[in-house]
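I have kept to what can be read from the coordinates.

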Amino acid sequence: MQGKHHGEYKVPGGKLVVVDLDVTDGALRDVRVAGDFFLEPDEALGAINAALEGAPADTDAAGLTARIEAALPPGTVMYGLTAEGVAVSVRRALAQATDWTDYDWQLIHEPPQSPALHMALDQVLTEEVAAGRRAPTLRVWEWGAPAVIIGSFQSLRNEVDPEGAARHGVTVVRRMSGGGAMFVEAENTITYSLSVPASLVSGLSFADSYAYLDDWVLNALGDMGIKAWYQPLNDITSKEGKIAGAAQKRLAGGNGAVLHHVTMSYDIDADKMLDVLRIGKEKMSDKGTKSAKKRVDPLRRQTGLPRSEVIDRMLTSFRARYGLTQGHVTDEEMARAEELALTKYSNEEWTARVP
């Protein structure tokens, strides 16, 4: 850990915080905080630097935040900046975290595929990123069949009405990440996955990594005129109600990787969803659905755009910020995914592993 370190962190909904520092004899030295934030009074920046000077290099983000808050002059006002954001930037510097712009991002957007194959592709592509054989990848899903995707730890019988699923021809699969059930139909949802190196979220807590990996899509929605924000732990919401839910899985193989996938409501048939999922009234209230006799359609209603145009604009936004090159699933990756789709994600033993 000795030597010079550089870290950057964009505060969710805020500005970029940059920290340069040295580590000498296990302590922070020559700490320099900068960024495009607003801070009053001017003396507050020096107070932040001084508060971090000499701190043990193993101080966690909470400890660094406390040091900064205790040192701020009375009446300090921060715009686009938080004490916690500075602390996270320090931890990312010490962890030698990478940034979005350090990579050649690959886009995979292929024709409709089966629900089980989507589950398998998430696993295979993220394993390939962990092994260093694949660049960080943004994959947009297209659905070949209506489906319910339950979280890794959810009870199958508690989440899904089998008669309703059969009545509507809905396939039920279990994904490798945690979180809640998702109901999807072709053209009614927008689902994407990020398969990224673990270094991209180094220095971030599990909760902070959700906000960090969701930030690009908040900007993309903003470009379309939607004021959306991150709602801990794993939701994206607006004044019209919940827009999306995220889930993550961290893989330890190779240098490590993180799978972060998100399902966004474009125009969901709530009546059908309630016939397939066992969802109580309390849970429905955060999905913007007061009655089953309506559609959950925040993206269609708020943008007025076709689903394909929403996706195109999201990708354009990502490309403008970080770059994005058209890629594809290799033959070897597809062969592994097809095998996993058959042996694991279509297997009743896996789907009902939590009965």
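1. Two strands are taken here as paired if DSSP finds at least two bridges between them. Please keep in mind throughout that this is a predicted model. In that sense of pairing, Thr137 has Ser195 of strand 11 as its bridge partner, and strand 7 and strand 11, which run antiparallel, are joined by 5 bridges.

2. Strand 11 is largely enclosed by the rest of the structure, since 9 of its 9 residues are buried.

3. Which residues have the most contacts inside the largest nonpolar core? They are Leu28, Trp100, Trp105, Leu194, Trp216, Met264 and Met314, in a core of 68 residues, and helix 7 (residues 206–223) supplies the largest share of this core, with 9 residues. Apart from it lies another core, of 25 residues, which includes Ala116, Val124, Trp141 and Val173.

4. Trp105 deserves a look of its own. Leaving aside neighbours within four places in sequence, Trp105 is in contact with residues that include Trp100, Pro136, Thr137, Leu194, Val196 and Leu200, and its contacts also include Phe318, Tyr322, Gly323, Leu324 and Thr325.

5. Helix 3 (residues 83–94) has 12 residues, which at 1.5 Å a residue should span 16 Å, and the end C-alpha atoms are 17 Å apart, which agrees. The helix is largely enclosed by the rest of the structure, because 11 of its 12 residues are buried; among the buried ones are Ser89, Arg91 and Arg92.

6. Gln96 is found in the loop between helix 3 and strand 6, and has a positive phi of about 55 degrees although it is not a glycine. At 61% relative accessibility, Gln96 counts as exposed, because the cut-off for that class is over 50%. Glu187, in the loop between strand 10 (182–184) and strand 11, likewise is a residue other than glycine with a positive phi, near 75 degrees, and at 47% relative accessibility it counts as partly exposed.

7. Two cis peptide bonds may be worth checking. One runs from Glu40 to Pro41, with omega near -5 degrees, and Pro41 is placed in the loop between strand 4 (38–40) and helix 1 (43–52). Another runs from Pro232 to Leu233, also with omega near -5 degrees, and Leu233 lies in the loop between strand 12 and strand 13.

8. Finally, Asp22, in strand 2 (residues 16–24), is buried, with a relative accessible area of 15%. The side chain of Asp22 makes a polar contact of 3.4 Å with the side chain of Lys4.

Conventions:
Residues numbered from 1 in each chain as written. Predicted model: local features only at pLDDT ≥ 70, side-chain atom pairs only at ≥ 80, totals over all residues. Heavy atoms only, no water. Helix = DSSP H or I, 4+ residues; strand = E, 2+ residues; numbered from the N terminus. Expected span 1.5 Å × (residues − 1). Buried < 20%, exposed > 50% of the residue type's maximum accessible area, 1.4 Å probe, protein only. Core = buried A, V, L, I, M, F, W, Y, C linked by side-chain atoms within 4.5 Å. Contact = heavy atoms within 4.5 Å. Polar contact = N/O pair within 3.5 Å; in protein donor to acceptor, adjacent residues only side chain to side chain.
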